[in-house]
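Student: I would like to learn how to read salt bridges in a model. Can you take me through a case?

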Amino acid sequence: MPRLKTAFAAALVVLTGALAAQPANATAAHNAKPTVVLVHGAWADASGWNGVITRLRKDGYPVLAPANPLRGLASDAAYLKGLLATVDGPVILVGHSYGGSVVTNAAGADPDVKALVYVSAVIPDQGESVFDLSTKYAGSKIGDNTIKTVPLASGDADVYVKTEGFADIFSADLPRSTSALLAATQRPITYGALTEPSGAPAWKTIPSWALIPRDDQVIPLQAQRFMTARAKSHTVEVSGAHAVLISKPGTVTQLIETAARAVD
């Protein structure tokens, strides 16, 4: 009899453990959060997302912030598509500035991309370029007197924002010391990438959210309002400059998580 009781008790422990594990696993699977992929734009790098990444990770979101090549719209989008193919499960795809064009071109054929989030971004329709949309309305301070170009062997040219004007144009709401570092470490974009026509836009089939900084000196406010209205994006406007992903990481994170919950 003691042996029988011992065997029964052991079996009961195993069975209880198995039953307890099932709802726990089911809950974990149900609560699995989408991967957030953050795509930076011109004159920046992935470190600009650091404040957003910290907050997303704290809230349990897997995050990737790849280096956007900034060499050409089609080739940059192809690079991002290749990265997305390595991600299992649903994705929230976020683009800042020129990165908005890249996500617009990369996401369309990927069924795992559940939402697009645009942060002070270019949101092109087919055939439009970053240059077209940035100059559609007055207000951008990007021009011949504020940029410098470096010729490339390919016949194209790298485009930089001049250091002395970088803070006022790109990051006016950040400390001058921070802007100086951003200016010194900026990654150039090719002229070809800025003028290359966009392909079929993913925002026509994927729901989108957008954050517009009202003091943007790179992409005019009126242009951003036009693009987000056309894309039917769920839009939030805030005070801030073009580098709002750095100056207001909490606001950017909140919008990304709102999009993630909406498509869950």
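This is a predicted model: local features need pLDDT of at least 70, side-chain atom pairs count only at pLDDT 80 or more; totals for chains, interfaces and linings use all residues.

Student: Which residue forms a salt bridge with Glu237?

Tutor: A salt bridge needs a side-chain nitrogen of Lys or Arg within 4 Å of a carboxyl oxygen of Asp or Glu. Here the partner is Arg214, with the closest N and O atoms 3.8 Å apart. Glu237 sits in strand S9 (residues 234-238), while Arg214 is in the loop between strand S8 (208-213) and helix H9 (221-230), so the pair ties together parts 23 residues apart in sequence. Arg214 is partly exposed too, at 39%.

Student: How many salt bridges does the structure hold?

Tutor: It holds 7. Another one joins Asp158 and Arg71, whose closest N and O atoms are 2.8 Å apart. Asp158 belongs to strand S6 (residues 157-161) and Arg71 to the loop between strand S2 (63-64) and helix H3 (73-84), so this pair links parts 87 residues apart in sequence.

Student: Is Asp158 buried or exposed?

Tutor: Buried means under 20% relative accessible area. Asp158 has 10%, so it is buried. Arg71 has 35% and is partly exposed.

Student: Where do Glu257 and Arg261 lie?

Tutor: Both are in helix H11 (residues 249-262), 4 residues apart, about one turn of the helix. Glu257 is buried at 10%, whereas Arg261 is exposed at 53%.

Student: Which residues do shared partners join into one network?

Tutor: Arg214, Arg225 and Glu237.

Definitions and conventions
Residues are numbered from 1 along each chain as its sequence is written. Side-chain values use heavy atoms; hydrogens and water are left out. Helices (H or I, at least four residues) and strands (E, at least two) are DSSP runs, numbered from the N terminus. Buried means under 20% relative accessible area, exposed over 50%, partly exposed in between (1.4 Å probe, protein chains only).
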